[in-house]
Amino acid sequence: MHRLGHGSPCLTWLSLRTARVPRASADLSQMPTGPFASSVGIGRAEPEWAALNRVQETVGKDPIFQAGEASEAPLQLDGAILSGDLSTVGSCDLLIVGAGLSGAVLAERCSRELGMSSLILDKRDHIGGNCYDYVDEHGIRCSKYGAHLFHTQFERVWDYVLQFSEWIPFDHRVKGLVPDQDGVKKLVPIPPTQESVNTLFGERIQTEEEMQAWYDKERIPPPSGDPKNGEEAALSRVGPRLFEKVFKHYTKKQWDKYPAELDASVLLRLPCRTSTDDRYFPDPWQALPMRGYTRIFENMLLNDPNITIRLNCDFFKLKEAGSLPSHKLLVYTGQIDSYYAALGMPKLEYRSLRFEEEFLQEPEDGFFQEAMVVNHPSPDVSFTRIVEYKHIPNQPTAVKEGKVRGTLIAREYSSAEGEPYYPVPNPANRELYEKYAALAAKEEGVAFVGRLASYKYFNMDQAILNALEMFDNLKETGKLEPKRKPEDFGPGDGPK
């Protein structure tokens, strides 16, 4: 049972529901509600695992808040930024295409340490790229492009982001609605833990040794030694029963390809938990920005005289019209295949997300589901997961005080159309990307930076570290180029 101890913050919010029905509840109408919490607090894991998070209290600084800005929502940007008008913009050192993490880090570092000027262009009407979050008309903080969870193993990245936000500890945990051996859907931790296996298969595993023995019994080694595709990789990691119930159909919904059609690397990273640790990520620093992700970008960019931003700008149209201001270096963070579209080469393959949002006026006790994220891996529903933002502890004060009765949920559908989110890892795409990368390496005066330009799913911290290391190179060698290959950062989270 998840219960909240005395002295926990936000008591009005917590009083919405402190008692919980059994975790194995199969009836959706009886799904546990209330903020997902433990005795440690809202958004925290059970004490044994919450203690592993090096973020244990509010840390960092928010210069905009410290200067007296009381709003918990993104700031209203001035007309010049939103205008898309470049007529008043002069020459710059860096012309940066894209106002996401990679571009923002380079603009901030080049200004702060080298005094260089940047012009950031973005076709969207907001800063922050896919990290952009906002407070909706009901007062709920939500993300325009899906849930973002900050976690990192890189102390350098953690020290860097502390300059631009106050951060609160958060241990992201995911539930999955998965059919048990009798076909009854049960809410279980994802990635699977001892609890998941016990609930789905009627086991009575109580120790890590017993869990390891269960895996050893279930696993099917690849016929040829090394797994040749995602299915062989998954079977070698979790065995056929977990594969069928949790991973096979979820993968198909995410990628529109069964695991056998994907690289082994996609499913080799399946976590095999032997403990009761139900945290989604193992990283030592896990936290949420107190006033949202957009505030990070506001602190990085808005009050710096060396940084100019113009939104609602289409780089390619401006380039074709000859309207770009003079600059010493172009920093391109968009799709690498779009940059070379005029060459007529094939397009790289991406997966996107479509969000179907629904505001529920009067959910029982104020919440729709037990946790912020509930995955739906079964093939009988077409969406992959439901996100309920109201669970996160960086909600505005009105939500935490119980003044916002309703709740917003977002059903996520994977799609081949829309904003590019995830590169599709298979041999054909990898081979095609290498051709684009070879062209980019010969491009004078252009630096290709970030997830879309590198055809690599970077986590937020990986994107930040990549940009910081490119800045290091700029200082050391005068060239803005990576210090390591994209694949050297290891796998990103990818579709969750």
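**Close-up views of a predicted model**

**View 1. Helix H5 and its buried residues.** In helix H5, the residues Leu-101, Ser-102, Gly-103, Ala-104, Val-105, Leu-106, Ala-107, Glu-108, Arg-109, Cys-110 and Ser-111 are buried, where buried means under 20% relative accessible area, exposed means over 50% and partly exposed lies in between, with a 1.4 Å probe and protein chains only. The model is predicted, so that local features need pLDDT of at least 70 and side-chain atom pairs count only at pLDDT 80 or more, while totals for chains, interfaces and linings use all residues. Residues are numbered from 1 along each chain as its sequence is written, and side-chain values use heavy atoms, with hydrogens and water left out. Helices (H or I, at least four residues) and strands (E, at least two) are DSSP runs numbered from the N terminus. Because eleven of the 14 residues of H5 are buried, this helix is largely enclosed by the rest of the structure. The end C-alpha atoms of H5 (residues 101-114) are 19 Å apart, which agrees with the 20 Å that its 14 residues should span at 1.5 Å a residue, the expected span being 1.5 Å times one less than the number of residues. Just after H5, Gly-115 takes a positive phi of about 70 degrees.

View 2. Cys-110 is in no disulfide, and the nearest cysteine sulfur, that of Cys-92, is 11 Å away; a disulfide is taken as a pair of cysteine sulfur atoms within 2.5 Å.

**View 3. The packing of helices H8 and H9.** Helix H8 (residues 208-218) packs against helix H9 (residues 230-255) at an angle of about 80 degrees, and their axes are 7 Å apart. This angle makes H8 roughly perpendicular to H9, since angles of 65 to 115 degrees count as roughly perpendicular, those under 35 as roughly parallel, those over 145 as roughly antiparallel and the rest as oblique. On the H8 side the contact (heavy atoms within 4.5 Å) is made by Trp-214, Tyr-215 and Glu-218, and on the H9 side by Arg-237, Val-238, Gly-239, Pro-240, Arg-241 and Leu-242.

**View 4. Ile-127 in its loop.** Ile-127 is placed in the loop between strand E5 (118-122) and strand E6 (133-135), and its relative accessibility of 2% means that Ile-127 counts as buried. Not counting residues up to four places away in sequence, Ile-127 touches Ala-99, Tyr-132, Phe-297, Glu-298, Leu-302, Ile-309 and Leu-311. Although Ile-127 and Phe-297 are 170 residues apart along the chain, their C-alpha atoms are separated by 6.9 Å.

**View 5. Backbone features at Pro-191 and Asn-312.** The peptide bond from Ile-190 to Pro-191 is cis, with omega near 0 degrees, and Pro-191 is found in the loop between strand E11 (185-190) and helix H7 (194-201). Asn-312, although not a glycine, has a positive phi of about 55 degrees; Asn-312 is placed in the loop between strand E13 (307-311) and helix H12 (315-321) and is partly exposed, with a relative accessible area of 41%.

**View 6. Tyr-455 and helix H17.** Tyr-455 lies in the loop between helix H16 (451-454) and H17, where this residue has a positive phi of about 50 degrees although it is not a glycine. With a relative accessible area of 10%, Tyr-455 is buried. Helix H17 has 15 of its 18 residues buried, so it is largely enclosed by the rest of the structure.

Conventions. Axes fitted to C-alpha atoms, helices over the stretch in contact; angles between N-to-C directions.
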